[in-house]
Amino acid sequence: MSECQVTNAPVETVEKTRTLCDYCRKIPFKEIQQNPKQKLNTKIGTYEELKQTLCCPFCYLIFESICTLARQYALSRRIEYKGPDPFIEEHSFSHKIMVSWQRYYFDNSITADELRFVSGECPRLGCVVSPIRDEVDAIMSLLQHCDAAHDCSKPTPYDKRPRTRAIDVRRMCVTSIAAHDRYLALSYVWGGVPVARLLQDNKEKLMLPYGLEEYAQGLPKTIQDAIRLARQMKVNYLWVDALCLVQDDPEDLNVGIIAMSAIYKNAYLTIIAADGHDANAGLPGVSLRGTEQLVVEVVPGVQLVSVSKANELIDEIHYSHRAWTFQEYHFSQRKLIFLNGIMYYQCMESFWGEDRNEQPIYPEFQTFASDLIKPDRRVDQYTDILNRYTTRQATYQYDVVNAMVSVYHKVLEEFDGGHLFCVPIAAFDWFLCFSCDDNILPYVERREMLPSWAWSGWRGKFWWRGSCIGDKAIVEWATKSTWIIWHAHDSAGNMSVIWTGSQKYKSESSKRRILTERIANSSRFSADTLPFGPSRQIPHGLQYNANLLQFWTLSASFDLRFDQKGQDYLDNLGISTWKARTEVYDEANRYCGMILVDEKSLACDHDAAELIVISEGCWTMYCDYGGFYSPKEIDFSERGENAQWYNVLYIVEKSGIAERRGFGQIYMEAITISPDCPWTWKEIILG
């Protein structure tokens, strides 16, 4: 082994023979270890200088922290990791690196990792984890403290809990459990690993005592470790989706999917298997583990350990990119998280990690469960949740909907009408007004088996913005500013009106219901009576009939002009995460509005593009909306800053079925029905 190599069995340690560089030799490590109240701010050289002194143990720690940050940055932007150099160059980190002592740890001016002492007088030390470490006593102590001191351990009343099954880890079988039975829940990624499943054919056998024994050796490692951990904790039951829901029984699955939020919320503890890409990753620490923990002896007798920000790590891993794990993670009140070879515990009020020697502190991992439910802001909260969810992936496209159903029921249970593809019917028109608004993923991708009009039909980052803040305002907007009578097709080819004429909204603060109506009113466009009822037939042999909406509204053709000069300008600046906008012009070359196209392939000029009006705008989509860039400004002087807008969809029709290709706004004054106007009242079938 060369002098500057690092061992990895299981802890990486720089050779003790190496000495500090001239910069780091000035840092009084021993003095700070014994007196952590003193202050330190010093510079240790530039990044390029740091690379030349990697045999200095402290410089090596800083360099590895930079590598970790660069890796996370590449993952978050879905680009290949090519070492730290491109990251440093992009962020212009040419200055000398500042190192500070922050009462409990060393930090630096580039990364967020904490470099902690392994021993000494500091109240927050780091810990060196071992390949197998028995933390069951510590976990049980944390749970008992939570039971006694925190509200997060208070479950749903027994009479409101859903009935469910669980694995009996003592008798190794699947069994029905009572509402008061204590159980653990497992959240993990299936991946491509064969997983033993509860099926109609084997259900009777698996529910017999020891019925799981013959499957035990074939169970994925993560499930085996979870069973072992439940036994160590003396908790008799373990909930695992594959073995507790009948996987080939649609009715059983549907009941389980709706109850998912309650299943994870009421678990005594949820095991989060966040490491690896599949169900064979195991639970590091329950079984043998290897860890990339960095421990360095900077001077004789003084060790530093790198402690990562766990909340930042979890955002970038494979587990956090999967659809099903979203609700499992966020609805769990108490979690035991296996991440990057380290075990973490978090409830709604405290956090503990086995790589830290300290008393439990405030929660580090972000979760929306603590915010549920904000009175009179349910729609707002649902859109906030979707903003965190819509980039996630599923093996089967429709699972993007299934994995959100329980969240929908939890957040919007007070609203009547149900949902279509997790688009709430009570605020249906509002939820059609989504657009891509993200500086990391500026365009989105189609999920082909799902409808283009729904957020679930796309993968990307979406926003629903406007001045309608609060549920009451959104429902009132839907009453006064919409007119379309939406008809939906089911899988059997039947069609029905999705808005039944009266929608109800229950105000949490006043405990009363607000009634609103959908009025088929076309007088805003024409003095003539216009049709609203369906008349067109669906083409024969069309797949996914249940995706279709059928309705009447205004349609017209406009020229869409992509601002290529603006895009070239961005390209020359090396800004790949913004996009130029697409402007709308009529036949007289008058500016009429703006479209936010959904896919990158649409970022070009389009002649005679079809736009359809879906509602009145309750906010203005300004020039800089969504990171869309243009070097020129639109002159609003003729119309004024308070000009009124209509929300429009850019659609493309093929074989009689239209698909959404973008969302935007045009001026109201551009829309009238007259012989010399391009607008027509048209029946649309949107898939």
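**View 1. The buried residues of helix 7 in the predicted model.** In helix 7, the residues Thr222, Ile223, Asp225, Ala226, Ile227, Leu229 and Ala230 are buried, where buried means under 20% relative accessible area, exposed means over 50%, and partly exposed lies in between, with a 1.4 Å probe and protein chains only. An α-helix has 3.6 residues a turn, so residues three or four places apart point the same way. This is a predicted model, in which local features need pLDDT of at least 70 and side-chain atom pairs count only at pLDDT 80 or more, while totals for chains, interfaces and linings use all residues. Residues are numbered from 1 along each chain as its sequence is written, and side-chain values use heavy atoms, with hydrogens and water left out.

**View 2. Helix 7 from end to end.** Helix 7 covers residues 221-232, and its 12 residues reach 16 Å from the first C-alpha to the last, close to the 16 Å expected at 1.5 Å a residue; the expected span is 1.5 Å times one less than the number of residues. Helices (H or I, at least four residues) and strands (E, at least two) are DSSP runs, numbered from the N terminus. After helix 7 comes Lys234, whose phi is positive, near 60°.

**View 3. Helix 7 against its neighbours.** The buried residues of helix 7 pack against helix 5 (136-149), strand 8 (183-187), strand 9 (237-239), strand 10 (269-273) and strand 13 (335-339), with contact meaning heavy atoms within 4.5 Å. Helix 7 lies across strands 8, 9, 10 and 13, and runs at about 155° to strand 8; axes are lines fitted to C-alpha atoms, for helices over the stretch in contact, and angles run from 0 to 180 degrees between N-to-C directions.

View 4. Eight strands form an open sheet in the order 7-6-9-8-10-13-14-15, with mixed pairing, and two strands pair if DSSP finds at least two bridges between them. Strand 7 (173-177) and strand 15 (351-353) stand at the edges with a single partner strand each, so one side of each is left without a neighbour in the sheet. The twist averages 30° from one strand to the next.

**View 5. Strand 10 and its partners.** In the regular case, side chains of a strand alternate between the two faces of the sheet. Both faces of strand 10 are covered, with Leu269, Ile271 and Ala273 buried on one side and Thr270 and Ile272 buried on the other. Strand 10 pairs in the parallel sense with strand 8 over four bridges, and Leu186 stands opposite Ile271 of strand 10. Strand 10 also pairs in the parallel sense with strand 13 over four bridges, where Ile272 stands opposite Ile337.
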